[in-house]
Each structure stands twice: as C-alpha cells, then as structure tokens.
Amino acid sequence: MLDKVFLFLFGIEWFGFGVLGLFFPEIISGFLGVSQYSEVYLNETRALYAFFTFIGLMSFIGIYRITLRKKVFLTYSIFLGSFLLGRILSFVLDDSLNSTTFYIFINELVVFVICYWRYTKKDFIF
C-alpha cells in the first residue's frame, strides 16, 4: 500500500510537470526562473519534460502492475541521483545555490531517498 501512495504522488508530480513542460516550456521556465533562450531551448526543454512525463506515467502504471514497481523506483533513483550530483557540483563550481535551486534540490533529494529506500527494501513484493 505504501508503494502505491508513493507512486501516485510521484506520478502526479512528474507527470504534471512533464506535461506542462512538454507543451508549455515557457511556463515551466518561468516557474524555475530559467531565462536564457537559444535556438535549441524549446527542443531541449521539450525533450527533458517528455522524459518526466514518461516517468510520471510509469509511476501510474506501477500502481497496478506490481512487476513494474521496482523498475520505477530504480529509474527514479538513477535519474534523481544524477540530478543531485549535478546540482551539488553546480553549487560548488557555479555558486548557483539560491532559494529556487535549494527547493528543487530538496524535492529531488526527498524523492531520491524514498525511491532508493523502496528499491532496496528486502520485503519488496513483485
């Protein structure tokens, strides 16, 4: 039951933001404070948010398909772990720590910790 709750919450978060960024990249950029536009800005933003949409969809499917759950938690752990590493490096190398990046970091850290915990849990039910 706990896994279903986490998958539902993560599905809402990532699917919602994914769809928003996929179809309205300017809005999501405004939320995040991204202001540098280039020739590939829309293409890169949509590509990234298509991934988030897919991950959120995987979460929703994982609620009903027990065999997918462990894979979903592993996928979240891998991509959020890499995001966290990149953010930490950016905090150190670019001095980019501010209130926005801090809250993004905390959100990703919480989701990463939960997903890693659920992935490594011995009593995981397939």
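In which hand of crossing does H1 pass H5? The crossing of H1 past H5 is left-handed. The model discussed here is a predicted one.

1. Helices H1 and H5. The axes of these two helices come within 12 Å and cross at roughly 145°. On the H1 side, the residues that meet H5 are Leu 2, Asp 3, Phe 6, Phe 10, Glu 13 and Trp 14. Their counterparts in H5 are Asn 107, Val 111, Ile 114, Cys 115, Trp 117 and Arg 118. Sorted by class, the contact of H1 with H5 holds eight nonpolar, one polar and three charged residues.

2. Helices H1 and H3. Here the axes come within 7 Å, with a crossing angle of roughly 155°. H1 is therefore roughly antiparallel to H3. The crossing of H1 and H3 is left-handed. In the contact of H1 with H3 there are 16 nonpolar, eight polar and two charged residues.

3. Helices H3 and H4. H3 spans residues 41-64 and H4 spans residues 66-94; their axes come within 8 Å and cross at roughly 150°. The two helices are therefore roughly antiparallel to each other, and their crossing is left-handed. Among the H3 residues that make the contact are Leu 48, Phe 51, Phe 52, Ile 55 and Gly 56. H4 contributes residues including Val 72, Thr 75, Tyr 76, Phe 79 and Phe 83. The residues of the contact of H3 with H4 comprise 14 nonpolar, four polar and one charged.

4. Trp 14. This residue belongs to helix H1, which covers residues 2-23. Is Trp 14 buried or exposed? Trp 14 has a relative accessible area of 6%, so it counts as buried. Apart from neighbours within four places in sequence, Trp 14 is in contact with Phe 52, Thr 53, Gly 56, Tyr 76, Phe 79, Leu 80, Asn 107 and Val 111. The side chain of Trp 14 is also joined to that of Glu 13 by a polar contact of 3.4 Å. Between the C-alpha atoms of Trp 14 and Leu 85 the distance is 19 Å, and the two residues are 71 residues apart in sequence.

5. Leu 48. Leu 48 is located in helix H3. Its relative accessibility is 37%, so Leu 48 counts as partly exposed. Leu 48 and Gly 18 are 30 residues apart along the chain, and their C-alpha atoms are separated by 8.1 Å. Leu 48 is also one of the H3 residues in the contact with H4.

6. Glu 108. Which residues does Glu 108 touch, not counting those up to four places away in sequence? They are Leu 80, Phe 83, Leu 84 and Arg 87. With the side chain of Arg 87, the side chain of Glu 108 makes a polar contact of 2.6 Å. Glu 108 lies in helix H5. Glu 108 has a relative accessible area of 4%, so this residue is buried.

7. Thr 101. Thr 101 is also placed in helix H5. Thr 101 is buried because its relative accessible area, 16%, falls under 20%. Not counting residues up to four places away in sequence, Thr 101 touches Phe 91 and Ser 96. The side chain of Thr 101 reaches the backbone oxygen of Ser 96 at 2.9 Å.

8. Asp 95. Where is Asp 95 placed? Asp 95 is in the loop between H4 and helix H5, the latter being residues 99-120. Most residues other than glycine have a negative phi. Asp 95 is not a glycine, and yet its phi is positive, at about 55°. Asp 95 has a relative accessibility of 65%, so it counts as exposed.

Terms used:
Residues numbered from 1 in each chain as written. Predicted model: local features only at pLDDT ≥ 70, side-chain atom pairs only at ≥ 80, totals over all residues. Heavy atoms only, no water. Axes fitted to C-alpha atoms, helices over the stretch in contact; angles between N-to-C directions. Helix = DSSP H or I, 4+ residues; strand = E, 2+ residues; numbered from the N terminus. Parallel < 35°, antiparallel > 145°, perpendicular 65-115°, else oblique. Left-handed = near helix turned anticlockwise from the far one by under 90°. Contact = heavy atoms within 4.5 Å. Nonpolar A, V, L, I, M, F, W, Y, C, P; charged D, E, K, R; others polar. Buried < 20%, exposed > 50% of the residue type's maximum accessible area, 1.4 Å probe, protein only. Polar contact = N/O pair within 3.5 Å; in protein donor to acceptor, adjacent residues only side chain to side chain.
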